[in-house]
Amino acid sequence: MKKFKKIIAREPSKSIINGITSSPDLGSVNYQLASQQHKDYINILKNLGLETYLIPKDEKFPDSVFVEDAALLTAKCAVITNPGAIARNGEKTEMAAHVAQFYKPNKMHYIQAPGTLDAGDVMMVNDTFYVGLTERTNQEGINQLTEIFKLYDYQVIAVPVKEGLHLKSSVSYLEYNNLLITSDLIDNPIFDNFNKIPVPDDEKYCANSIWVNDTIIVPKGYPKTLALIKKLNEYQIIMADTSEIAKLDGGLSCTSLRF
């Protein structure tokens, strides 16, 4: 099944070493290694047949490699978010200009203050969007997204998130009703209709894996979760090294907009 045709991504800036992190114990980001890992990631997506739109780096925003948070792209419309971290909020302006090349003006929508929304909190399951209520995404942001999506017959379901930076830090949809999910969300009845694949507690980072046209890209170094995905026998699987963006709470979904 081919669902995605294009990606938008952004080269990591040298200032990435100053990015936001909740895990300083993982050490400082190595810019040269982060840059190489990003190139490898883009090449994986190119080899999967996706047309790549690569945005030049922006030193003003250390976290701007995480393009997913500033925009939400769907088959029917685009939503420019209002990122919840003050240091990242300015990323939305330039992102809007790039996204506008792919959507008509009447299909471009914007989350307005006091609403905040990081698209890392948004998990798309067909025409339903699960949205995490987190420190970065507030109820007003979810309310605005709900009203926008009513125009397109999309449904929004809010999910309170108590652990992790974003909703997709803890859960990822792999299509075909398969859901990677961590222990902090696995008992949430919102997800009871899915085939839940429990991510081991010592591999929670691997919950942020991505489905791209029947290929699953998983972060390197999580053999237990990899084995669980292999058991499904439904996908090609590719591993990607994410050691540097992990130091900034970043995962595989964060570094591209797939549409």
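I'm working on a predicted model, where local features need pLDDT of at least 70, side-chain atom pairs count only at pLDDT 80 or more, and totals for chains, interfaces and linings use all residues. Residues are numbered from 1 along each chain as its sequence is written, and side-chain values use heavy atoms, with hydrogens and water left out.

My terms for this part: helices (H or I, at least four residues) and strands (E, at least two) are DSSP runs, numbered from the N terminus. Two strands pair if DSSP finds at least two bridges between them.

I then looked at strand 6 and strand 7 (residues 128–133), which run antiparallel and are joined by 4 bridges. Val122 has Val131 in strand 7 as its bridge partner.

**Salt bridges**

Side chains of opposite charge can pair when their charged atoms come close. I used the rule of a side-chain nitrogen of Lys or Arg within 4 Å of a carboxyl oxygen of Asp or Glu, and it gave me 14 salt bridges.

I picked out Glu68 and Lys168, whose closest N and O atoms are 2.6 Å apart. Glu68 is in the loop between strand 2 (51–55) and strand 3 (71–73), and Lys168 is in the loop between strand 8 (155–160) and strand 9 (171–173), so this pair ties together parts 100 residues apart in sequence. Both Glu68 and Lys168 are buried; my cut-offs are under 20% relative accessible area for buried, over 50% for exposed, and partly exposed in between (1.4 Å probe, protein chains only). Arg258 joins Glu68 and Lys168 in a network of salt bridges.

I also looked up Lys224 and Asp202, a salt bridge at 2.6 Å, N to O. Lys224 is in helix 4 (residues 223–232) and Asp202 in the loop between strand 11 (195–198) and strand 12 (210–212), 22 residues apart. Buried or exposed? I get Asp202 as exposed at 53% relative accessibility, while Lys224 is partly exposed with 44% relative accessible area.

Last one: Glu244 and Lys247 meet in a salt bridge at 3.0 Å, N to O, and Glu244 and Lys247 are both buried.
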